[in-house]
Amino acid sequence: MTIERADIEKLAELARIELNDATITETTRSIADVLALVDQLQAANTEGVTPMAHPTDAIQRLRPDVVTETNQREAFQAIAPAVEGGLYLVPKVID
Amino acid sequence: MHNKTLAEIIAGLNSGAFSSVEITSHLLNRIRQLDPQYNSFITVTAEAALASAEAADRQRASGNAPLFCGVPIAHKDIFCTNGVRTSCGSKMLDNFVPPYDATVVENFARAGAVILGKTNMDEFAMGSSNETSYYGPVKNPWNIHCVPGGSSGGSAAALAARLTPGATATDTGGSIRQPAALCGVTGLKPTYGRVSRWGMIAFASSLDQAGPMARSAEDCALMLNAMASFDPKDSTSIDREVPDYTADLNQPLSGLKIGIPKEYFGEGLNTGTEQAVREALTEYEKQGATLVEISLPHSHLAVPAYYVIAPAEASANLSRFDGVRYGYRCEDPKDLRDLYMRTRGEGFGDEVKRRILVGAYCLSAGYYDAYYRKAQQVRRLIKQDFVDAFAMVDVIMGPTSPSPAFAFGAKGDDPVAMYLEDVFTIATNLAGLPGMSLPCGFVDNRPVGLQIIGNYFDEGLMLNAAHQFQRATDWHQRTPEGLE
């Protein structure tokens, strides 16, 4: 599997990470190295093996559908970059 | 006073030999004087520490002292602490002051511990050298030109420099055991689910596990007694009684069957490291244990499987850092896309970005089966290797890391070389098994770690094996020159 600059640019767009133009070549090279390491998996015989999602095959614990949290809006908004009137502020999305 | 173990501090406080205020201020002074050299703390909470030491002394005088009442420890800066900045070693969270405590933090608070501060770490726990921290690398107290290991390098170095007698840490692929080995301290990664992950900033949720780091197995047992709990707030926390981990420390080891995986002694293992580990195994034989050669045939696939699963989970977990609700936000975003792109581009360091991109790649349409599903299948093969081995032996032993501490920059531009630092530790995370590291010798005055891998929930047996080794040897008591 070869990975190119254009692939990295697409991934960066999907992951919403701006990459510096000067380092993108280096990033492409190092990610190609990581993927070469990961490609060793392809040699493993995994026919009929069930994928393992949890080390001890535990199942999701359920709880009664009741409110357990108290409202902490003020505490949470106190650490936000920008808020107004109890709302989080972001740049205008719709004109 | 700074050479005292947690067990000695608890005894000293109980007997009235010294007060919590005395030992706390002694350690705070030591941190102030020495830590500029090592950079093992990101935040020192001196004022709060002294206040809680005073409160602990009053509580003790009233005759009602929990186990850690007045005992100073430090928390890795990955655990949320109410009102105290929790950075996770990242610019992204440089200004993040959580409005709540992690369960681990709460458990230690309930046990009466005094918190000295928050220790340095690789950014978002991604690294094996502490070089990815936004706050600069931690220096190894045994040799300041060498790395302390990572990601819990600050906790390990603070212990080695005798700045704290105990520290919390986390381990996703070796982040407790490898720095413990490189700094000559004892660290334990418990069974997945034994310690709550609630309030511990997530890296790879199916692998992350918190554990203790200290200067002896006995101290790790004491810390695990306080740390481990069933937590309804962590959906993967295991509802199982927490035993007293100190109860079996003094059991003799005669009859113990120790598996020695041949794959852990192959090419790439430093000869001095191998020699120290082999000598440690001889000590176990002397105590009546039997060494059994075993095979973990899928070991070579652990690092490749990990570098699919961990980045994939990280890319999902770290999508929450968007510059909207907390943490870093870029200047003057022109629209929402620009806000996301620049916040994440500026807030994350290179290694974190690399892993998010690798994870996004492995999860992207058309590649999921070839990468993520394949890795999850290999994960089961790796687990089965251990299941087969534990049918024959009680514990598994080998080196923690392939070589002792390396120089800063030695693996700087080669992520794959850095990833191979964890070649012996990663498989236990994939299998969810407990693993620990304890000091067993030196190579050129740099410590070597012996790794003990146990069966699920066998932390008590591992601590027993480690404690018996530490009763017969003094590697864990060695102190870097000038820091005695």
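**A residue-by-residue conversation**

Guide: With a relative accessibility of 12%, His54(A) counts as buried. Please bear in mind throughout that this is a predicted model.

Visitor: Where does His54(A) lie in chain A?

Guide: His54(A) is found in the loop between α2 (24-38) and α3 (73-77) of chain A.

Visitor: Which residues does His54(A) touch, leaving out those up to four places away in sequence?

Guide: With that exclusion, His54(A) touches Tyr192(B) and Thr236(B).

Visitor: And which backbone nitrogens lie by a polar atom of its side chain, that of His54(A)?

Guide: The backbone nitrogen of Thr56(A) is 3.0 Å from a polar atom of the His54(A) side chain. For the backbone nitrogen of Ala58(A), the corresponding distance is 3.3 Å.

Visitor: Let us turn to Arg197(B). Is Arg197(B) buried or exposed?

Guide: Arg197(B) counts as buried, because its relative accessibility is 15% and the cut-off for buried is under 20%. Arg197(B) sits in the loop between β5 (186-189) and β6 (209-214) of chain B.

Visitor: What is Arg197(B) in contact with, leaving aside its neighbours within four places in sequence?

Guide: Arg197(B) is in contact with Tyr192(B), Ser205(B), Asp208(B), Asp234(B) and Thr236(B), its neighbours within four places in sequence being left aside.

Visitor: Now the interface as a whole. How many residues of each chain are in contact?

Guide: On the chain B side 66 residues are in contact with 51 residues of chain A. The area buried between the two chains is about 5100 Å², and carbon and sulfur atoms give 68% of that area.

Visitor: Which helices of chain B each supply at least two residues of the side that touches chain A?

Guide: These are α9 (302-317), α10 (336-347), α11 (350-363), α12 (368-390), α13 (415-419) and α14 (426-431) of chain B. The largest share of that side comes from α12(B), with twelve residues. By residue type, the side of chain B that touches chain A divides into 38 nonpolar, eleven polar and 17 charged residues.

Visitor: What about the interior? How many residues has the largest nonpolar core?

Guide: The largest nonpolar core has 166 residues. Those with the most contacts inside it are Phe68(B), Phe124(B), Tyr284(B), Phe386(B) and Ile452(B). The element that gives the most to this core is α9(B), with ten residues. A second, separate core of seven residues includes Cys146(B), Val147(B), Phe406(B) and Met418(B).

Visitor: Take Phe124(B). What does Phe124(B) touch, not counting residues up to four places away in sequence?

Guide: On that basis, the residues touched by Phe124(B) include Cys88(B), Met92(B), Ile201(B), Phe203(B), Leu318(B) and Phe348(B).

Visitor: A change of topic: backbone geometry. Where is there a cis peptide bond?

Guide: A cis peptide bond joins Gly150(B) and Ser151(B), with omega about 10°. Ser151(B) has its place in the loop between β3 (114-119) and α5 (153-160) of chain B.

Visitor: And which residues have a positive phi although they are not glycine?

Guide: Asn39(B) is one of them, with a phi of about 60°; Asp444(B) is another, with a phi of about 50°. Asn39(B) lies in the loop between α2 (20-38) and β1 (41-44) of chain B, whereas Asp444(B) is in the loop between β10 (435-443) and β11 (446-454) of chain B.

Visitor: How accessible are Asn39(B) and Asp444(B)?

Guide: Asn39(B) is partly exposed, with a relative accessible area of 22%. Asp444(B) is exposed, at 64%.

Note on methods:
Residues are numbered from 1 along each chain as its sequence is written. Chains are lettered from A and ligands numbered from 1 in the order in which they are written. This is a predicted model: local features need pLDDT of at least 70, side-chain atom pairs count only at pLDDT 80 or more; totals for chains, interfaces and linings use all residues. Side-chain values use heavy atoms; hydrogens and water are left out. Contact means heavy atoms within 4.5 Å. Buried area is the accessible area (1.4 Å probe) that two parts lose on being put together, summed over both. Helices (H or I, at least four residues) and strands (E, at least two) are DSSP runs, numbered from the N terminus. Ala, Val, Leu, Ile, Met, Phe, Trp, Tyr, Cys and Pro count as nonpolar, Asp, Glu, Lys and Arg as charged, and the others, Gly among them, as polar. A nonpolar core is a set of buried Ala, Val, Leu, Ile, Met, Phe, Trp, Tyr and Cys residues joined through side-chain atoms within 4.5 Å. Buried means under 20% relative accessible area, exposed over 50%, partly exposed in between (1.4 Å probe, protein chains only). A polar contact is a pair of N or O atoms within 3.5 Å; within protein, one must be able to donate a hydrogen and the other to accept it, and residues adjacent in sequence count only if both atoms are side-chain atoms.
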